[in-house]
Amino acid sequence: MLTDWLAGVITTLGPWFTAFFLLCIFSFTYKENPWFRFAEATYLGVATAYTIGFNLDWLLSQWKSVWSLTSTKIMLFSLALLVGMLWYFRFSKKYFWLYRIPLSIAVGTYIGLSLRTMVFAQFLHQIRATFIPLVAKTPMDTLNNILIVIMVLTVLLYFYFTLEHRGPLRYTSRIARYTMMAGFGAAYGDTVMTRMALLIGQARNLLSHPPSFASIAIVILATLLVSDYLRMRREPRGAK
Amino acid sequence: MTEMEERRGKGFWERLQEVDSRIIYLLLWIVILWPLITPLGLPISISTGTREYFQVIEDLKPGSRVILSYDLSFAGLPELGPMTIATLHHLLKKDIKVYICAFWDSGADIAADNIRALEPEKNYGKVYGKDYIHMGYNPMREVGMAQFASDVYKAFPVDYIYKRPLETYEMMKGVQSAKDFDLLISVQSGTPGNPEWVRQWITPYGIKYIIGILGVSVPEVAPYYNAGQVKAFLAGLRSAAEYELLAGRRGAALAQQDPLSTTHILVILFVVIGNIGYFFTRARPRRS
């Protein structure tokens, strides 16, 4: 059967493709090169096609399961589809204004929905969470609470621009700066952890297919070194 | 002057601050591959946050209804994949109803893959549609979440696996809106994610809510945790490994802890080296 044969080929080639594209992307750490550009373009193409295909499939499932059942629903579905198509007038200079119709609907809906609870969800609850007792159950909690209160107040004062940061405000703004630096440092640490975790995950993926990993790595590295060598021979030393 | 000649003209401490990125990458590969090939077995302690996450699931009463939302992409899988599969394993081990959904397109496929990998029928004695269900994908982001909260069947008319109307499944009896669920778990790598769930589910309905996030998202989520909106969260591969230990399923996160530690040591080392170089160049007058 053709499908079985195809499934077999894909299963065999899958690890090779994975290793190839991963190494192409990683070759950027050496320098920008055609292998990287090829993998980047392929990735973008596949990701876009996947998203479009997946969402069209969802649209079709909605049509089958809900919207094709009554004539009113068919009309509503067609109307929604037509309004949705207006997004593509983004690419027309003449009819650009039509694109504003779905845009305004989307923005209006989103803002309306999120504003409904935003004040409580992302403002009042957060303020309430900083109203903490200065003396807590354990000495560590007490210290933690005192630090939170000091840091919140000083950072708030730091962004109070009506008064010049002189006199007592000079000291509070210095504490605020240290507070923010500590915060950014912690955020940087978290970022490093994420990046490393992603790299380790892909390295583990590569190691699970050793023959493909090693042979593809040799090919990519060899072509990069040879192209560098040829370029150096063409350009005299010291030339810009 | 070429780049090489320019570098040669600099002093030792100045050069220490400008290590070639290719050398750092090479060292990075070495400290990743070496512990992956020969594991070091560094000890792992379990943090309070991970215990809280574990306990929220552990405290669920029999028959509870839990939503597990896959709000992640393939790019986030190396970090979020292990905690997602460990969470699903933990949920399937218990006598509760699991409702799987996704607000990211790739999330629906990842969920289907996880179900295939765990084989709930064979390994946990669970029945599709009775004990767990994959409700599929909703592309409408925050609007879809609001729709899901007010009417489950409008947000997910058919299930993902068999494309049958959701109301035909046994476990959907008595389920209409957000109020009918006991816990919401979202494993997420961006938008729509935590703020959207809090706005549409947690604030209006007061559902218990825990999440799994990328390490990079911790500063964004911490205020929600302090405010009590997020009851517990797992952050990154490290928390995932701790959770794997607690949930009793050793997986990819545990296997990746040694390289995670060695890479961190390397980064710390370079930060220290860079700072030493900076202080020494600052302490003495610059070369003309």
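## Backbone features of chain B

Where in chain B is the place of B:P192? In this predicted model, B:P192 lies in the loop that runs between β4 (183-188) and α10 (194-205) of chain B, and the peptide bond joining B:T191 to B:P192 is cis, with an omega of about 0°.

As background to both features, most residues other than glycine have a negative phi, and most peptide bonds are trans.

## Confidence of the prediction

For the complex, the predictor gives an ipTM of 0.86 together with a pTM of 0.90. Chain B has an average pLDDT of 92, with 95% of the residues scoring at least 70, while the average for chain A is 90, with 98% of the residues scoring at least 70.

Among the elements of chain A, the lowest mean pLDDT, 87, belongs to helix α1 (residues 2-26), and the highest, 94, to helix α3 (residues 71-85). Where pLDDT is low, the predicted coordinates should not be read in detail.

## The interface between the chains

Contact between the two chains involves 57 residues of chain B and 43 residues of chain A. The area buried between chain B and chain A comes to about 4,300 Å², and carbon and sulfur atoms give 70% of that area. Of the area that chain B buries against chain A, 14% is supplied by B:W29, B:D105 and B:R199, which is more than any other three residues supply. The count of salt bridges between chain B and chain A is zero.

## Helix α2 of chain A against helix α6 of chain B

One part of the contact between the chains can be described through a pair of helices, α2 (residues 34-67) of chain A and α6 (residues 105-118) of chain B, whose axes come within 9 Å and cross at roughly 80°. Because angles of 65 to 115 degrees count as roughly perpendicular, α2(A) is therefore roughly perpendicular to α6(B).

On the side of α2(A), the contact is made by A:Y50, A:T51, A:F54 and A:N55, and on the side of α6(B) by B:D105, B:S106, B:A108 and B:D109. By residue class, the contact of α2(A) with α6(B) divides into three nonpolar, three polar and two charged residues.

Key: Residues are numbered from 1 along each chain as its sequence is written. Chains are lettered from A and ligands numbered from 1 in the order in which they are written. This is a predicted model: local features need pLDDT of at least 70, side-chain atom pairs count only at pLDDT 80 or more; totals for chains, interfaces and linings use all residues. Side-chain values use heavy atoms; hydrogens and water are left out. Axes are lines fitted to C-alpha atoms, for helices over the stretch in contact, and angles run from 0 to 180 degrees between N-to-C directions. Helices (H or I, at least four residues) and strands (E, at least two) are DSSP runs, numbered from the N terminus. Angles under 35 degrees count as roughly parallel, over 145 as roughly antiparallel, 65 to 115 as roughly perpendicular and the rest as oblique. Contact means heavy atoms within 4.5 Å. Ala, Val, Leu, Ile, Met, Phe, Trp, Tyr, Cys and Pro count as nonpolar, Asp, Glu, Lys and Arg as charged, and the others, Gly among them, as polar. pLDDT is the predictor's confidence in each residue, from 0 to 100. Buried area is the accessible area (1.4 Å probe) that two parts lose on being put together, summed over both. A salt bridge is a side-chain nitrogen of Lys or Arg within 4 Å of a carboxyl oxygen of Asp or Glu.
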